[in-house]
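Visitor: Hey, I've just opened this one and I'm new to it. Can you walk me through it?
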Amino acid sequence: MGGELLNSSSSKVSYTEQFYEHFPFYLAIGMTYDQYWNDDCQLVKFYRKAHKLKNEQKNQELWLQGMYIYEALCNVSPVLHAFAKRGTRPLPYPEKPYSLTKEGNKQEKEIQEKINRQKAKAVFGAWASRLKLPNTERQKSAN
Amino acid sequence: MAKDIRFVHDGKEYRLEFTRKSIEIMERQGFVASDIVEKPMSTLPALFAGAFLAHHRYVKKEIIDEIFSKMKNKQELISKLAEMYNEPILALVDEPEEAEGNITWEASF
């Protein structure tokens, strides 16, 4: 029992065959002939990691592109509506690309909040001036 | 970095290492790793000589044999050479990703 394990062809496996079997993959991910056959044998691990990172990066880029396309479709959708009112215009395409870093996101959020505050201040100021409220300071001094 | 063995003989520095090419050459010349168990007397010196192919291809066989005969702690040397010989093929195999079903193991030697 177990003899089939000892006599299996795996014990006579040729390393060279295995090397040739994997060789095209490493050529495809950018390794040279010399790097694969003559350089540090551990180099393949780093090429594999780099290949994985590249794939993730590509996936991220494609996802981002999909987001831009999706947003563009959403923005233009008001005019695509069959019963859209006359004069309906598409929403403008974003003025700048999405920021990809946390820092950029934070800065963008801060700028947007500042703009919103200024807008609110202007609206409130206009509303207050329309009310013609008495100057409470002067009233107090007059009394 | 690949595993290697370094030593000095007759004032010359040697660095023993296996590359895929050196293993290919060894196998072409008839070296079979599994023969280590069945024919250790002929296979072990061949394994040692094969480790010269990567960086010292043109060193004569007599010098390699002389170095081998002078090497201390042969058992440890052979185990290290075997580890080095397997490295180029093991580097091609990915470690399984962290998962619950993975098996951890340990040896008593």
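Predicted model: local features only at pLDDT ≥ 70, side-chain atom pairs only at ≥ 80, totals over all residues.

Visitor: Which elements of chain A have the lowest and the highest mean pLDDT?
Guide: The lowest is helix α1 (residues 3–6) of chain A, with a mean of 46, and the highest is helix α3 (residues 33–38) of chain A, with 96. Over residues 1–11 of chain A, pLDDT stays under 50, and the model has one contact beyond four places in sequence for that stretch.

Visitor: And what does chain B average?
Guide: Chain B averages a pLDDT of 89, with 99% of the residues at 70 or above. Within chain B, confidence is lowest in helix α2 (residues 35–38), at a mean of 80, and highest in α1(B), at 96.

Visitor: What about scores for the complex?
Guide: The predictor gives an ipTM of 0.84 and a pTM of 0.71.

Visitor: OK, new topic. How is chain B built?
Guide: Chain B has five helices and two strands. Starting at the N terminus, the order is β-β-α-α-α-α-α. Its C-alpha trace spans about 55 × 30 × 30 Å along the principal axes.

Visitor: How much of chain B counts as buried?
Guide: Of its 109 residues, 20% do. As for contacts in chain B between residues at least 6 apart in sequence, 62% of them join residues at least 24 apart.

Visitor: How many residues does each chain put into the contact between them?
Guide: Chain B gives 15 residues and chain A gives 16 residues. On the chain B side, α1 (20–28) and α5 (74–90) each supply at least two residues. The largest share of that side, five residues, comes from α1(B).

Visitor: What classes of residue are on that side of chain B?
Guide: Eight nonpolar, two polar and five charged residues.

Visitor: Which residues have the most contacts inside the largest nonpolar core?
Guide: That core has 16 residues, and the ones with the most contacts inside it are B:F18, B:I23, B:A51, B:L81, B:M84 and B:Y85. Two or more residues come from each of α2 (15–28) of chain A and α1, α3 (40–50) and α5 of chain B. The largest share, three residues, comes from α5(B).

Visitor: Let's zoom in on B:Y85. What is it in contact with?
Guide: Leaving aside neighbours within four places in sequence, B:Y85 is in contact with B:F18, B:I23, B:A33 and B:L47. There's also a second, separate core of five residues, which includes A:Y26, A:M31, A:V44 and B:L92.

Visitor: Back to chain A. Where are its domains?
Guide: The domain assignment gives domain 1 (14–98) and domain 2 (101–143). The C-alpha centres of these two domains of chain A lie 45 Å apart.

Visitor: What about helix α5 of chain A: what span should it have?
Guide: Helix α5 (residues 102–131) of chain A has 30 residues, and at 1.5 Å a residue they should span 44 Å. The end C-alpha atoms are 43 Å apart, which agrees.

Visitor: How many of its residues are buried?
Guide: The number buried is zero out of 30, so α5(A) lies largely in the open. Just after α5(A), A:K132 takes a positive phi of about 50°.

Visitor: Why point out a positive phi?
Guide: Because most residues other than glycine have a negative phi.

Visitor: Which residues of chain B have a positive phi, then?
Guide: Two to look at are B:D10 and B:N73, neither of them a glycine: B:D10 has a phi of about 50°, and B:N73 has one near 50°. B:D10 is in the loop between β1 (5–9) and β2 (12–16) of chain B, and B:N73 is in the loop between α4 (61–70) and α5 of chain B.

Visitor: Are those two buried or exposed?
Guide: B:D10 counts as exposed, because it has 8 C-beta neighbours inside 10 Å. B:N73 is exposed too, with 9 other C-beta atoms within 10 Å.

Visitor: Last one. Where is B:D4?
Guide: B:D4 sits in the segment before β1 of chain B. With 17 C-beta neighbours inside 10 Å, B:D4 counts as partly exposed. Apart from neighbours within four places in sequence, B:D4 is in contact with B:R15, B:L16 and B:E17.

Note on methods. Residues numbered from 1 in each chain as written. Chains lettered and ligands numbered in written order. Contact = placed C-beta atoms within 7 Å. Helix = DSSP H or I, 4+ residues; strand = E, 2+ residues; numbered from the N terminus. Nonpolar A, V, L, I, M, F, W, Y, C, P; charged D, E, K, R; others polar. Buried ≥ 20, exposed ≤ 12 C-beta atoms within 10 Å, placed from the backbone. Domains from an automatic or database assignment. pLDDT = per-residue confidence, 0-100. Core = buried A, V, L, I, M, F, W, Y, C linked by C-beta atoms within 7 Å. Expected span 1.5 Å × (residues − 1).
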